[in-house]
Amino acid sequence: MLAEKKSFMREPAVTIILDMVDKETSFCHPRVHSVWQVLVDILFADLAVVNEDATSSHSSKKTKKSKKRNSPEKNLARRLSSFWEVVVEGSLLSSSHDRKHLAIDIFLMLLQRIPASCVQIVVSYKFVHCLLDILSAKDSHLYKSAQHCLQETVNWCENDDERRAAVVIALQQSSNGKFDNISRTRTIRKLVSKFVTKAGCLLFGQKLTGLFLEGTPTQLNESSLDKSLTEEEVEMLSVGVTSVGEDIENLSEEAKDSDDVLRSWIVDSLYNLSKNTALDPAAKFPLQKEILKFLTVQGLFTASLGIEVTSFELLEKLKWPKKPASARVRRLCIEHMQHLLVDAQNFMISHKHTELNESMQHEVSPLESNDLGAYMMCFLGTLQNIPSVFLFWPLSKDDEDTFNKLHSAEAQLFRAACKGESNLSKVQAMRFLLIQLLLEIPLRPGEICETAAELLICCNKAFGNVIELVESSDDENETPALIDVLVDALLSLLPHSPAPVRAAVEQVFKCFCDSITESGLMNMLRIVKKDLKPARHKPAVVEDSDEEDPIDIEESGSDDEVEESENDENTDDILEQDSKAKTSLTVDKKIRKETGDSGGAEDSESDFDDDAMFRMDAHLVQMLKEKKNAGGSDTAQTQLKNFKLRVLSLLEWYLQRNSSKPLVLTVYSYLLQAFVNSSSIEGNEQFADRLGVIIQRKICKAKEYPKGPEVDLSLLQDLFEKVLKLASRSKAKKVQSLSQICAFWLLKVIHGNSNETELKKVSEVFLKSLEDFFVNKKCRLKGGFLKEVFRRHPWVGILSFGMLIEKCRNARSEFLQFEALFLMDTLVRPWLGKSTEVPSDKDSSHHLQFLKVHLPSLSELVQHFLQKPAKKASHRSEARQFCMRILKALSLLKLERSFAKLLKHSSCESQLGDLFRPYKNLVELS
């Protein structure tokens, strides 16, 4: 009977269903009554008939079928909307848990049959909030039902782009962009990640822009704001706690915030859509162009006449939302424009862009090119030429002039890039930096003009007259170099600029760093070395001046100085406590003065009344605010550290490309100085580690090292001497380890740039540190480091061979005696070769002359080890092995007779065995 009523789903006939719902008993639950399936069939009756006709009709009647199909879909939407609003939202969702469960079941029945265009009707504001209320708490009564409903919805739309887009838009629109956060799921993120085709991404992008322009449904029920006040609200008003006007303002602010949240999610989603890695470059570029157009219109411009403007040049309509976007959302649009341009620049550097560019060489116009930056700038210029469209952000005269100059300069550079000039990479890098600065002008008014003017001057000098500039006639003879001006301009952008601008700065620096001068490099190094907060403890390396070689070594303080510093710290703590006590007394006096208390003994023991306590709290809040403002040094220190890290990134690129230049020695000295200073300051671990990595990987382990006549050998010798002292005196393990690595690198540079006389001077420097190792108890050098020096650079140990023989006999401990023995063994072992083969003539003559000089002392040393065996068994074994290697080396060099004349002890044969038998007759003859 119900099925025969065509107008059953129209008002007021739908009240029949409400009567049935009200009279329904709970014995049917959890099963769904069969009448609901009949109602669903009635809803979709016309649509089912059209579908049957569509399958049976001839293809020639396609136009008529589309018209017939549109009419039933509209009727379905009208009936479904009436049914859902009155029956489900008006009766079921506002009732008991059983009826909410019934509403979920009805939703699942409808979901399998509705077209994508009707998703927003059933995924309504009230239904979504019902799901969110349930999903936000796992212990809720209908949690599993809501979870099942959500999973079925995901399964229904997972493999269809149109359904998926409709579900995502409906869920986010009804939850103000916070569905995943409130439901504690990843539903939206999972569904959005399924857009992997060009058609699907474009469709979802269109849905997002439509939602941005359409906005959210009104969530404030104005009638609820005009309700009569309860007795509790009247009582609260009487004591001045709240007011209806304040409530209305708070609600309106919440509505604005919710709009911002949804629109921010839309902007974020559009940007993330443009980064879809599943799309190939040719398919991604049209999507990025559409997204960039939307961000440009909504972020930078507004219309003076209405919300829709037609551009005849672009042949499209420009639209804005009825409710204007806030400045926060517009700022977000500009920021994502900057990030999108960074992605485009990185893509242009890659090899994929070359392939795409070859297929589009015939396109020259910026609007038709595959250069996203040029397209955006041309689109921006077109919008500026429309009379009814103007910039949303108010600009000063200087900012507006800079804006126009940057726009004109970028256009000239694009034309130069199209001509295929030799310095194409420099032109492209500078173009994108100018674009980033242009977008920064609305966000940072008054801060870009000076830097932009310097960059435009650099463009004119590097690429010809890109733009007409007013040149000053002052100090024409003292004009700084182009690269110095460019470096200063780039450094000025690093402290406060966002990540996209810094990325553009890095690209420009990469292209120009090969021609950087010493003055520009020194400006960067002074920033790295600068520090606001002094070290808590004295560093092992102390900076004395801003000269080229900043490294200086200072001994650690004595125990008396340490005790004195501890006493000073205790004194500071006492003074701080006294100041706090005085402050509290001052606050107490102020409060007593305001309250009229005389401050007598009896009154001082009594408690404050409520008013006095409130005033005291106000004073304390003010004091805390002043203390917080006074403590801005920490913020300044953090900003400086970030600035230094950004400069380090530029220096890293310079070292990577110019590791063979003599200026690397200057960079090394400053970076090592900064590393030691930062290692002694608490909270600078990240900066110190970054410095250590750069010194170790980009300098010490680089494939090339400074070479040529420009290398200062006296500076090298001085650096080597100081790094040895640093390694021997530093208490920090990181500093000690890095200084040893630097010593190896300096020895390599010295050996590659010095003659024998200069090498001898360096060996004398090392000899002093070796003497310090055996004599000074404060020396922190390790035997392993010294052995590695001898192994890598044997020329360093030749001069110290005589001293090592002496230390093997008279060092202050057995441990040090055998450390000297190990160092000698490191020198002698390479002379023996792989087996008993005779060395080459050149090596043989060199070693022969060397051993002839030390032959008497070697014989005495062998007899010393044989006469006075070591206490430890391992040491005795090492001594015997060393003696055997010495005899073997002498036999290979044919020095047996000379050495045998010096041996006078009979224990040699018993200690050395068969190796000594060739020497026996020679010893007797001698």
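What share of the contacts in the protein with a separation of 6 or more comes from residues 24 or more positions apart? I looked this up before anything else. The share is 74%. I note that the model is a predicted one.

**Entry: the whole protein**

I counted the secondary structure next. The protein has 44 helices and 4 strands. I then checked burial. Of its 926 residues, 45% count as buried.

**Entry: H19 and H21**

I picked a pair of helices. H19 covers residues 372-384, and H21 covers residues 424-443. Their axes lie 10 Å apart. The packing angle is about 40°. Angles under 35 degrees would count as roughly parallel, and the roughly perpendicular range begins at 65. H19 and H21 are therefore oblique to each other. I also looked up the handedness, and H19 passes H21 in a left-handed crossing.

Which residues meet here? From H19 I listed Gly-373, Ala-374, Met-376, Met-377 and Leu-380. From H21 I listed Arg-431, Phe-432, Ile-435, Leu-438 and Leu-439. I sorted the residues of this contact by type: 8 are nonpolar, 1 is polar and 1 is charged. Gly counts as polar in this sorting, and Arg counts as charged.

An α-helix has 3.6 residues a turn, so residues three or four places apart point the same way.

**Entry: H23**

I tested the length of H23, residues 482-493. At 1.5 Å a residue, its 12 residues should span 16 Å. The end C-alpha atoms are 17 Å apart, which agrees.

Is H23 mostly covered or mostly open? I found it mostly covered, with 9 of its 12 residues buried. The buried residues are Ile-483, Asp-484, Val-485, Leu-486, Val-487, Ala-489, Leu-490, Leu-491 and Leu-493. I marked Asp-484 in that list, since Asp counts as charged.

**Entry: two positive phi values**

I looked at two loop residues. Asn-176 has a positive phi of about 55°, although it is not a glycine. I placed Asn-176 in the loop between helix H9 (161-174) and helix H10 (179-183).

Arg-184 also has a positive phi, near 60°, and is a residue other than glycine. I placed Arg-184 in the loop between H10 and helix H11 (187-192).

Is Asn-176 buried or exposed? Its relative accessibility is 7%. Buried means under 20%, so Asn-176 counts as buried. What about Arg-184? Its relative accessibility is 66%. Exposed means over 50%, so Arg-184 counts as exposed.

Note on methods: Residues numbered from 1 in each chain as written. Predicted model: local features only at pLDDT ≥ 70, side-chain atom pairs only at ≥ 80, totals over all residues. Heavy atoms only, no water. Axes fitted to C-alpha atoms, helices over the stretch in contact; angles between N-to-C directions. Parallel < 35°, antiparallel > 145°, perpendicular 65-115°, else oblique. Left-handed = near helix turned anticlockwise from the far one by under 90°. Contact = heavy atoms within 4.5 Å. Expected span 1.5 Å × (residues − 1). Buried < 20%, exposed > 50% of the residue type's maximum accessible area, 1.4 Å probe, protein only.
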